[in-house]
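Good morning, and thank you for coming.

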Amino acid sequence: MINASHTESHDAADSPSMLNRGLGVGSIVFMVVAAAAPLAVVTASIPLIVSVSASTAAPQFFLVAMAVLALFSVGFTSMSKYVPNAGAFYSYIQRGLGRHIGVGAAALAMGSYAVMLLGLYAYLGVATSALLSAVHVDMPWWASALGWISLVGVLGYRDIELSSKVLGVLLVAETLAVVLVDIGVITSGGAAGLTLQPLLPSTFTTGAPSLGLMFGFFCFIGFEATTVFRNEARDPDRTIPRATFIAVVFIGLFYALAAWVVVVGLGTDNAVSMASAQPESVVQNLARGYVSPILTDVIQVLLVTSFFACVLSFHNVITRYQFTLATKGLLPQPLATIDRRHRTPSRSSLTFTIISLVAMAAVAAAGWDPIKQAYMWCTGASTLGLVALMAMTSLAVIVFFRSTEHETGRWHAVVAPGLSFVGLTAILLLVIKNFPLLVGSTTTALVLGGLITAIFVTGLGVAERVRRTRPDKYRALNQD
């Protein structure tokens, strides 16, 4: 573990100005697309979407989700120049809906990202141990997970550009693997010829499109993190909007193409049954049959690195959330310290690394199943929280522009955010309706739903306490 006492630092008074402002559009896109874990989505989520929806319209689910989130991004990025700190959802909701709800949103965002990361670490530990067992190395899943947490902690402590470069290399590798499968299936003509049937409107209405759309939407979680890196962007007013739209469109088109390839590769008549029978091996079988058995082995390795890129990206997001909240006096002041050498919130990173290590050790000691319990429970709970935050953010954008003098056009200030609010609210209702399916049982859904609600309410309580005991800090919450 890195010893923070050996490195000079600055306090929160000048923290944002001390951060390294070296991130361009490409670097930020790499980090947020890596958080979406493209290879993991293609190999694990696309077959699941085909299976649970009982439909071959998977490409359309991704395109619809992309459209809703593109509308969300219009208002989100238009408001960004009026909210120049890196608090993301918290900052936007606070500006639009008030300090109390803003602090509640901050607690909900922190809790949602934190539990998501815990679930991802558990899955990564299982995938790593399975890969090692193939070369006759036995390691418990939790030991693998603790090792990855430590490595992420080292990278997160250092210069943000180092994380960006690591994520860039891994993202290119996993993207190339998917592209090779795409090319193999397309050049071979698929199982029964290339067809546009998965893209036809009539196909969208077959099966259970609401379930397909819900799971398709989940695959975009993480794209909104572009604004978290605002304080480290070279030209945030230009970089953040560009990075956000590029990330949404790239993720949407990449997933839609991959989903079409999976359906065509399996054959439209057999795709649902084959995806339901062996969802975990669909893409690997396509790689073996249409490209080469070697690519199957490569994908197994890159699946691990894909999850690693994902956890590294989310670790950096949480670190910057902690940093921003500490500068506002909502978290302990030391978390707002900037390391002079690396020019990053290294103490915040170190703190969350320790929290992650303790939490993972507790999960292992409790004997939770790493996939059926740790991964499903944590990612299900976080998805509920993050979709709620997106809907609240769209509403906050509308309220903000209606109550503030601005030069933003009606499309950016009202129409696009209004449409995204309607779409996101519909997705949120789908998540709530199907929450037991996400987390495994009705009892678990009630417990986790109660936990998410309690986190938000706790944030409201913190805001009220700050208002009563430190009114100067409460008033300063809306200051940049």
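What follows is a short tour of selected helices, loops and surface features. Please keep in mind throughout that this is a predicted model.

Let me begin with the packing of two helices. In general, a pair of packed helices is described by the angle between the two axes and by the distance separating those axes. Here the pair is helix α2, residues 25-35, and helix α14, residues 293-327. Their axes are 7 Å apart, and the helices pack at an angle of about 115°. The crossing of α2 and α14 is left-handed. On the α2 side, the residues that take part are M31, V32, A34 and A35. They meet S306, A309, C310, S313, F314 and N316 of α14.

How many of the nine residues of helix α5 are buried? Seven of them are, and therefore this helix, residues 89-97, is largely enclosed by the rest of the structure. The buried residues are F89, Y90, S91, Y92, I93, Q94 and G96. As for what surrounds them, the buried residues of α5 pack against α4, α6, α14 and α16. For orientation, α6 covers 99-133 and α16 covers 370-403. After α5 comes G98, whose phi is positive, near 110°.

That brings me to backbone angles in residues that are not glycine. As a general point, most residues other than glycine have a negative phi. The phi of A54 is positive, near 50°, and A54 is not a glycine. A54 is placed in the loop between α3, residues 38-53, and α4. With a relative accessible area of 43%, A54 is partly exposed. The other residue is H136, which is likewise not a glycine and has a positive phi of about 65°. H136 lies in the loop between α6 and α7, the latter being residues 141-157. Is H136 buried or exposed? Its relative accessibility is 73%, so H136 counts as exposed.

A further loop deserves a word, the one between α11, residues 236-266, and α12, residues 271-277. G267 is found there. G267 is buried, with a relative accessible area of 5%. Between G267 and G216 there are 51 residues in sequence, and their C-alpha atoms are 20 Å apart in space.

Another buried residue is T175, at a relative accessible area of 15%. T175 belongs to helix α8, residues 160-188. Which residues is T175 in contact with, leaving aside its neighbours within four places in sequence? They are F250 and F254.

Let me now turn to the surface. A nonpolar patch is formed there by L63, L196, L199, V249 and L253. Together these residues have about 400 Å² of accessible area. One of them, L63, is located in helix α4, residues 58-78. L63 is partly exposed, with a relative accessible area of 30%.

I shall close with the charged side chains. The count of salt bridges in the model comes to two. In one of these, E464 is paired with R467, and the closest N and O atoms are 2.7 Å apart. In the other, R468 is paired with E464, again with the closest N and O atoms 2.7 Å apart.

E464 is partly exposed at 22% relative accessibility, and R467 is partly exposed with a relative accessible area of 35%. R468 is exposed, with a relative accessible area of 63%.

That concludes my presentation, and I thank you for your attention.

Methods
Residues are numbered from 1 along each chain as its sequence is written. This is a predicted model: local features need pLDDT of at least 70, side-chain atom pairs count only at pLDDT 80 or more; totals for chains, interfaces and linings use all residues. Side-chain values use heavy atoms; hydrogens and water are left out. A salt bridge is a side-chain nitrogen of Lys or Arg within 4 Å of a carboxyl oxygen of Asp or Glu. Buried means under 20% relative accessible area, exposed over 50%, partly exposed in between (1.4 Å probe, protein chains only). Patches are made of residues with over 30% relative accessible area and no salt bridge: like charges are joined within 9 Å, nonpolar side chains (Val, Leu, Ile, Met, Phe, Trp, Tyr) within 5 Å. Accessible areas come from the Shrake-Rupley method with a 1.4 Å probe; for residues, only the protein chains shown count as cover. Helices (H or I, at least four residues) and strands (E, at least two) are DSSP runs, numbered from the N terminus. Contact means heavy atoms within 4.5 Å. Axes are lines fitted to C-alpha atoms, for helices over the stretch in contact, and angles run from 0 to 180 degrees between N-to-C directions. A crossing is left-handed if the near helix is turned anticlockwise from the far one by less than a right angle, and right-handed if clockwise.
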